[in-house]
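Here is a friendly walk through a protein and its ligand. Take a moment to look at the sequence and the model before reading on.

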Amino acid sequence: MSIKKINWDKFWKDKISPLHHSENISFYKIYAKELRLLMNDENPNSLLEIACGSGELFSLLGFDKIKKYIGIDFSDSMLNQFIKKYPEVTVLRKDACQYITQERYDIIFCNAALQCFPFKKINLFFKNMRKMMKPHSLLTCASLPLKPLKKSYHSLSVYGKKQNFLASSYSLLNSFLCDTMGHWFTFDELIEFAKKENFEITFHGSFVYPYRIHAVLKIPNNESKSN
Ligand SMILES: C[S@@+](CC[C@H](N)C(=O)[O-])C[C@H]1O[C@@H](n2cnc3c(N)ncnc32)[C@H](O)[C@@H]1O
């Protein structure tokens with residue numbers, strides 16, 4: 001929780017890159033390798049990417065091979081970058097928290113974005129996503145900042161370094177004033193969101209971002225069998 005709320009719409013309005021930790025191809029390759037492990041289906045027929053951004057990871061994730069790929073994002077500048085690289089891609093300018101269609105997807109994938117969604121709208125987001133899933137679909141919400149590791153992120157100890165007390169306190173204090181990382185989730189919050197929509201949720205630690213986790217949600221087996 002920080003004092004000054006960031007207007008994310010405004011923040012992403014003119015951005016042309018996802019501002020990942022590193023912006024070089026070798027980082028993206030390792031990151032994509034990690035994220036691919038979160039998808040059980042190597043060859044899904046359909047995938048909805050929520051907050052797709054500028055498509056930096058698109059082909060590295062193999063999304064260019066998927067028959068039906070739709071990306072949504074609310075930033076025109078990010079989407080324009082995406083289309084510049086992949087003119088054939090289908091992307092829509094939409095707010096993820098309101099998005100819903102009649103279509104159903106094998107995978108719904110959302111990387112490094114849930115933390116920007118208004119916290120109060122996350123319930124609605126999960127509710128809508130569930131309606132666009134098939135019994136065996138996965139909803140992957142990847143790269144979420146993990147609250148129990150927030151202090152260690154600011155002290156740099158998650159990176160195996162020891163920053164001096166003043167510098168880490170300053171960094172932590174700044175995040176209380178205005179946190180450009182977005183919301184830091186607890187496990188319990190995510191479990192609670194999943195429970196409300198009757199999802200099974202599993203967590204996986206991130207290799208490239210030691211202070212983040214990936215959450216993978218699915219419809220429980222007993223429910224999918226009865227469908
Ligand atoms: C860190 S970037 C990640 C982009 C992409 N998922 C990736 O991993 O490269 C976050 C993206 O989320 C988008 N975003 C944030 N909140 C959104 C919302 N409520 N609806 C749609 N897009 C949103 C931003 O425009 C931005 O492109």
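The paragraphs below go from the overall fold to the sheet, then to the ligand and a few individual residues.

Please keep in mind that this is a predicted model. To get your bearings, begin with the protein chain, which contains eight helices and seven strands. Its radius of gyration is 18 Å, close to the 17 Å that the globule rule gives for 227 residues, so the chain is as compact as a globular protein of that length. If you follow the C-alpha trace along its principal axes, it spans about 55 × 40 × 30 Å. Of the 227 residues, 32% count as buried. The chain also brings together parts that are separated in sequence: among contacts between residues at least 6 apart, 67% join residues at least 24 apart.

Now turn to the strands. In which order do the seven strands of the open sheet lie? Reading across, the order is β3-β2-β1-β4-β5-β7-β6, and the pairing is mixed. As a reminder, strands of a sheet pair through backbone hydrogen bonds, either parallel or antiparallel. At the edges you will find β3 (91–93) and β6 (200–205), each of which pairs on one side only. From one strand to the next, the twist averages 15°.

One pair is worth a visit. Strand β5 (residues 133–145) and strand β7 (residues 212–218) run antiparallel and are joined by six bridges. Look for C141, which stands opposite A215 in β7. Helix α3 (residues 76–85) packs on the sheet, where it touches β2 (68–73) and β3. The direction of α3 makes about 165° with that of β3.

Next comes the ligand. Which residues are the closest to it? They are W12, A51, G53, S75 and A96, out of 21 residues that surround the ligand. The shell divides into 15 nonpolar residues, three polar and three charged.

The loops hold some details too. Most residues other than glycine have a negative phi. Against that background, L19 has a positive phi of about 60° although it is not a glycine. You can find L19 in the loop between α1 (8–13) and α2 (25–36). Is L19 buried or exposed? L19 is exposed, because 11 other C-beta atoms lie within 10 Å, and 12 or fewer count as exposed. L156 sits in the loop between α5 (150–154) and α6 (165–177), and with 14 C-beta neighbours inside 10 Å it counts as partly exposed.

M39 lies in the loop between α2 and β1 (46–50). With 19 C-beta neighbours inside 10 Å, M39 counts as partly exposed, since a residue needs 20 or more to be buried. Leaving aside neighbours within four places in sequence, M39 is in contact with I107, L138 and T140. M39 and L61 are 22 residues apart in sequence, and their C-alpha atoms are 9.9 Å apart in space.

Finally, look at P118, in the loop between β4 (105–111) and α4 (122–131). P118 is partly exposed, with 13 other C-beta atoms within 10 Å. P118 and K5 are 113 residues apart in sequence, and 9.8 Å separates them in space, C-alpha to C-alpha.

How values were computed:
Residues are numbered from 1 along each chain as its sequence is written. This is a predicted model: local features need pLDDT of at least 70, side-chain atom pairs count only at pLDDT 80 or more; totals for chains, interfaces and linings use all residues. A residue is near a molecule or strand if its C-beta atom, placed from the backbone, lies within 6 Å of it. Ala, Val, Leu, Ile, Met, Phe, Trp, Tyr, Cys and Pro count as nonpolar, Asp, Glu, Lys and Arg as charged, and the others, Gly among them, as polar. Helices (H or I, at least four residues) and strands (E, at least two) are DSSP runs, numbered from the N terminus. The radius of gyration is taken over C-alpha atoms; the globule rule is 2.2 Å times the number of residues to the power 0.38. Two residues are in contact if their C-beta atoms, placed from the backbone, lie within 7 Å. Two strands pair if DSSP finds at least two bridges between them. Axes are lines fitted to C-alpha atoms, for helices over the stretch in contact, and angles run from 0 to 180 degrees between N-to-C directions.
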